[in-house]
Amino acid sequence: MKLQDYKKLMTVAFVNNTRRGFADWRDCGGLCMDVTEGLEGAKEGLCSENRYADLFSLCNWTYVKWGNTDKDDSNGETQEFCACVYDIWETIYLNGEAYLSHDKMLETLLEHLDGRVFDYMEDEIYDFILKHFKSEEQLVRKENFLLGVMDEIKRQIPERDVLQYSLYVKEDYYARVLADQSRPIQEIRDFLNTRDRYTNKELLAQIEKEYGNYDEAIALYKSQIEGRPDPYWSDAPRRALMEIYMLQGDTKAYNDELYNMMCAHTGDDSYFFEYKALFSEEEWVIEWAKLLEKYKDRLSAINLWLSIENRYDLIMDNAEPDNEYIIDTYGKKLYKLYPDRCLRVLANSADRQAKSSKNRRDYKYIAKTLKKIASRPGGKELASELAAKYRTMYPRRTAMIDELKSFKT
């Protein structure tokens, strides 16, 4: 097939999945499937013929066409499409250099950063460019390109201050290129320290780490954690610290951060098992007691740990009086040990639900809870009693009575 024939197939995919040029949320999934399957088919055919230049041209043409097509991609179709193209670019880069030079590939991708595709589709191009093309000449080409982009943004900022964020992003890209060039670290520090931004410090810490400046990187990561201790922000710096400490052979510091990660993620058993493995059986008895003391006022936060340590007595305590979700999660064990208490938790939960219920959706949830109760030995009678109680207490809630009609005394 000729390149033009492949483009015609892509055009058909767009036509078949749009109405008057728009792909709504129902059509966008089909559009994505047809276009990505078409690209994958082209990849197989063109690579087998070593037509990497044609494949690259087709991908880029389709990339622009996707960006210019009006659509509701709220289900993430654009991300899926971009991932497909990115993977094909990767294949071309790795296998097709004899047929399409990396210099030509870079030049073409840079040309596509002229505004012909929008925001995060441009970000995907930048991401690919930054992760590839690392020869001395290519790095200089990227550096000069970014200098030009930043100058143009600065020129427009007085009239469009919304571009300030775009400038920050391009500055991060530029610093990344400087690091790839192994430029003096002080030059990179001076550049990134011109603004007191979290991403600047984050990137500088990464570069300090790559340069082997571990003390400087550690200080930056600790500063990030101190400034934003919430796990959403502190996880990445903590993981980076753990990597550095492992490289340095600093076992104590590594284990300290492991402990912090374990406590920040009590629902992730991997950190718990890694931490527990540091202790002998005798030592663990003492350490486990310390953890129980630490969490004595919020034991429900460590239900996963309690299950690992077979402390279902404490999990049962955490479930009372009406924490239904704990029974749902650990019921397989809890029902065997404490059947009556489990049923009472569910009954209390149903009472709470009945009191606060306002619509049929709420009433369906009450019925669901009663079904859980009825499915357990001795639970049918209790479920019927609860249903009868609610019918008596709330006679005007006809929708509730309808949902509970299957539970009869």
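Here is a short chat about the fold, the core, the pockets and a few backbone details.

Tutor: One thing before we start. This is a predicted model.

Student: Noted. How many helices and strands does the protein chain have?

Tutor: The protein chain has 22 helices and 2 strands.

Student: What does the overall size look like? How far does the C-alpha trace span along its principal axes?

Tutor: The C-alpha trace spans about 80 × 60 × 50 Å. The radius of gyration of the protein chain is 30 Å. A compact globule of 409 residues would be near 22 Å.

Student: And what share of the residues is buried?

Tutor: Buried residues make up 46% of the 409.

Student: What about contacts along the chain? What share joins residues at least 24 apart?

Tutor: Take the contacts between residues at least 6 apart in sequence. Of these, 55% join residues at least 24 apart.

Student: Let's go inside. Which residues touch the most other members of the largest nonpolar core?

Tutor: They are L39, F81, W89 and L370. That core holds 128 residues. Helix α4, residues 77-95, gives the most to this core, with 9 residues.

Student: Zoom in on L39. What is L39 in contact with?

Tutor: Skip its neighbours within four places in sequence. Then L39 is in contact with M10, L58, C59, T62, F81, C84, V85 and I88.

Student: Now pockets. What volume does the largest pocket have?

Tutor: The largest pocket has a volume of about 480 Å³. It is lined by 20 residues.

Student: Which of those lie nearest its centre?

Tutor: E122, I153, L163, S166 and K170 lie nearest the centre of the largest pocket. The elements that give two or more residues to its lining are α6 (119-131), α7 (136-156) and α8 (164-180).

Student: How many nonpolar, polar and charged residues are in that lining?

Tutor: The lining of the largest pocket has 10 nonpolar, 3 polar and 7 charged residues.

Student: What about the second largest pocket? How much space lies there?

Tutor: About 170 Å³. Its lining is D123, Y126, D127, L130, K131, D172, Y173 and R176.

Student: Which element gives the most to that lining?

Tutor: α6 does, with 5 residues. Both α6 and α8 supply at least two each. By class, the lining of the second largest pocket has 3 nonpolar, no polar and 5 charged residues.

Student: How many cavities of 30 Å³ or more does the structure hold?

Tutor: The structure holds 1 cavity of that kind. About 50 Å³ of space lies in the largest cavity.

Student: What lines the largest cavity?

Tutor: L110, Y126, I129, L130, K142, F145, L146 and V177 line it. By class, that is 7 nonpolar, no polar and 1 charged. α6 and α7 each supply at least two residues of this lining. Y126 and L130 also line the second largest pocket.

Student: Switching to the backbone. What kind of peptide bond joins E320 and P321?

Tutor: A cis peptide bond joins them, with omega about 10 degrees. P321 sits in the loop between α17 (312-319) and α18 (324-337).

Student: Why point that out?

Tutor: Because most peptide bonds are trans. Most residues other than glycine also have a negative phi.

Student: Is F133 buried or exposed?

Tutor: F133 counts as buried, because its relative accessibility is 0% and buried means under 20%.

Student: Last one. Where does L220 lie?

Tutor: L220 lies in helix α11, residues 214-227. L220 and E202 are 18 residues apart along the chain, and their C-alpha atoms are separated by 7.6 Å.

Student: What does L220 touch?

Tutor: Leaving out residues up to four places away in sequence, L220 touches K201, L204, A205 and E208.

Key. Residues numbered from 1 in each chain as written. Predicted model: local features only at pLDDT ≥ 70, side-chain atom pairs only at ≥ 80, totals over all residues. Heavy atoms only, no water. Core = buried A, V, L, I, M, F, W, Y, C linked by side-chain atoms within 4.5 Å. Buried < 20%, exposed > 50% of the residue type's maximum accessible area, 1.4 Å probe, protein only. Helix = DSSP H or I, 4+ residues; strand = E, 2+ residues; numbered from the N terminus. Contact = heavy atoms within 4.5 Å. 1 Å grid on protein atoms, 1.4 Å probe; cavity = no way out; pocket = protein on both sides within 12 Å on 5 of 7 lines; lining within 4 Å. Points joined across faces, edges and corners; volume = space filled by probe spheres on them. Nonpolar A, V, L, I, M, F, W, Y, C, P; charged D, E, K, R; others polar. Rg over C-alpha atoms; globule rule 2.2 N^0.38 Å.
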